[in-house]
Amino acid sequence: MSEIREIQVPDIGDFKDLPVIEVLVKPGDTVAFDDPLLTLESDKASMDVPSPGAGTVVAVTIKEGDRVSKGSAILTLRMAADAALATQNQVNGTAVADAVVSAVGPPVVATPAAAVVSAVAPVVTASGPKPHASPSVRSYARKLGVDVSKVAATGKGGRMLREDIEGFVKDALVRLNSSKPGADHSAGLNLLPWPDVDFSKFGTVEKVALSRIKKISGANLSRNWVMIPHVTNNEEADITGLEAFRVQLNTEGGKDAIKYTLLAFLIKAAVATLKAFPQFNSSLGNEDGEPILILKQYYHIGFAADTPNGLVVPVIRDADQKGIGQIATECGELARKARDGKLGPADMTGGTFTVSSLGGIGGTGFTPIINAPEVAILGVTRAQTRPVWEGNGFAPRLILPLALSWDHRVVDGAAAARFLQHLAALLADFRRIAL
Ligand code: CAO
């Protein structure tokens with residue numbers, strides 16, 4: 001009769017009460033001696049707990065998020081007939097079934113170079129820390145010949161998952177196949193193959209890895225650009241009065257008061273316009289195989305934030321229920337978190353419409369890409385004082401360029417023009433928001 005043993009956390013040095021960040025096996029899995037069973041994480045490193053022997057997993061006692069120390073039960077293992085435990089001298093368990101004994105695995109600290117992988121890095125940058133991947137994921141990557149520094153990590157806290165390695169391999173295979181003669185080079189679009197140029201033939205080059213954010217946002221932007229039939233309408237808003245009001249509020253407030261930003265007014269005006277044109281606050285859906293429009297009765301407004309690692313879109317929740325001061329404060333806090341790489345998934349999900357403001361930088365217009373599954377995005381560039389004809393003479397007016405990209409499957413040009421006119425009228429006279 002094969003023996004069932006309870007496997008426990010081995011000696012992990014001075015560490016205690018470490019969180020389990022990944023359980024790598026499930027009941028029924030066959031493991032060999034030294035195969036990783038789970039990954040633990042301290043504040044400085046992640047480490048795999050290897051199996052002390054070969055066998056089949058009967059039951060897993062712990063789950064992701066549990067905290068463990070030396071001796072904590074991990075799982076029960078039906079030992080392979082000829083398997084010997086690495087550390088027989090530490091056997092001390094209770095019977096579970098058949099002839100059950102406990103065993104702790106080979107000490108994790110016995111192989112420090114392999115066990116301690118990388119410092120936890122929320123964002124992996126070209127020249128920054130190494131990607132945060134557990135030893136088992138690294139070993140898996142090595143088996144498949146994958147360089148982990150080229151893989152975008154999608155796990156919690158920027159952790160690399162086995163799925164990330166698999167996705168990378170699949171993408172590489174697709175690229176390889178599409179480079180074969182006669183292959184379709186363009187995901188069904190029948191386009192010319194991407195130019196394969198050795199730039200170093202023409203001059204000195206430097207290769208820099210893309211940040212994790214750039215890899216993820218790039219993939220999203222490509223999909224959105226290819227899959228959504230975008231159209232962009234342009235409009236101008238006279239914000240002379242609004243800007244004077246904003247400056248006045250900031251002057252009255254003093255040094256420590258709220259800083260009223262143009263972005264906060266834009267978000268408030270966008271919400272009022274979305275209420276007047278609900279199809280812009282929607283997403284395309286599917287029910288029983290038929291396309292439907294999902295109109296949202298909440299107004300979570302995303303705003304594009306430029307960070308050293310790339311573009312992110314934090315979301316102001318329930319912007320319709322917030323005053324302009326609160327929106328300005330939240331935008332400031334979220335923009336700061338974004339720059340520090342500290343935005344969590346909750347800060348960036350659930351948006352119904354996005355505002356992308358380049359006004360603090362410059363420009364006269366651009367074509368923002370819709371942030372799927374939203375159906376429209378407002379792009380704003382720099383306001384300029386211009387002479388405007390007022391019937392009997394020119395007057396200097398502050399004019400703000402607006403660009404609205406919209407999904408032509410949901411909206412049409414006339415609705416987009418009306419949306420922008422409505423928005424421009426609100427910005428020209430903010431009292432209209434109260435109507
Ligand atoms: N016209 C003229 N001036 C403007 C303006 C506009 N449209 N928008 C902002 N400004 C002014 C502000 O008034 C501010 O001046 P004061 O300090 O004197 O008041 C200054 O420019 C700086 O503004 P800001 O852009 O730093 O602040 P903000 O609140 O307007 O914007 C944020 C915050 C997060 C939107 C901005 O920092 C940012 O990241 N912008 C880039 C967004 C982006 O990358 N979009 C492109 C996406 S597609 O790749």
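Residues are numbered from 1 along each chain as its sequence is written, and side-chain values use heavy atoms, with hydrogens and water left out. Because the model is predicted, local features need pLDDT of at least 70 and side-chain atom pairs count only at pLDDT 80 or more, while totals for chains, interfaces and linings use all residues.

**Helix packing**

Two packed helices are described by the angle between their axes and the distance between the axes. Helices here are DSSP runs (H or I, at least four residues), and strands are runs of E (at least two), numbered from the N terminus. Axes are lines fitted to C-alpha atoms, for helices over the stretch in contact, and angles run from 0 to 180 degrees between N-to-C directions.

Start with helix α6 (residues 262–276) and helix α7 (residues 324–339). Their axes come within 8 Å and cross at roughly 120°. That makes α6 oblique to α7. Angles under 35 degrees count as roughly parallel, over 145 as roughly antiparallel, 65 to 115 as roughly perpendicular and the rest as oblique. On the α6 side, L263, A264, F265, I267 and K268 make the contact (heavy atoms within 4.5 Å). On the α7 side, the residues are I324, I327, A328 and C331. This contact has 8 nonpolar residues, no polar ones and 1 charged.

Now take α6 with helix α9 (residues 413–428). Their axes come within 9 Å and cross at roughly 135°. That makes α6 oblique to α9 as well. Among the α6 residues that meet α9 are F265, L266 and A269. Their partners in α9 include F419, H422 and L423. Here the contact divides into 11 nonpolar, 2 polar and no charged residues.

**The ligand**

How many residues surround the ligand? There are 20, each with a heavy atom within 4 Å of the ligand. The closest are R246, K259, D306, S356 and A383.

Most residues other than glycine have a negative phi, and most peptide bonds are trans. D17 is not a glycine, yet its phi is positive, about 55°. D17 is in the loop between β1 (4–8) and β2 (18–23). A cis peptide bond joins A372 and P373, with omega about 5°. P373 sits in the loop between β19 (353–357) and β20 (376–380).

Key. Nonpolar A, V, L, I, M, F, W, Y, C, P; charged D, E, K, R; others polar.
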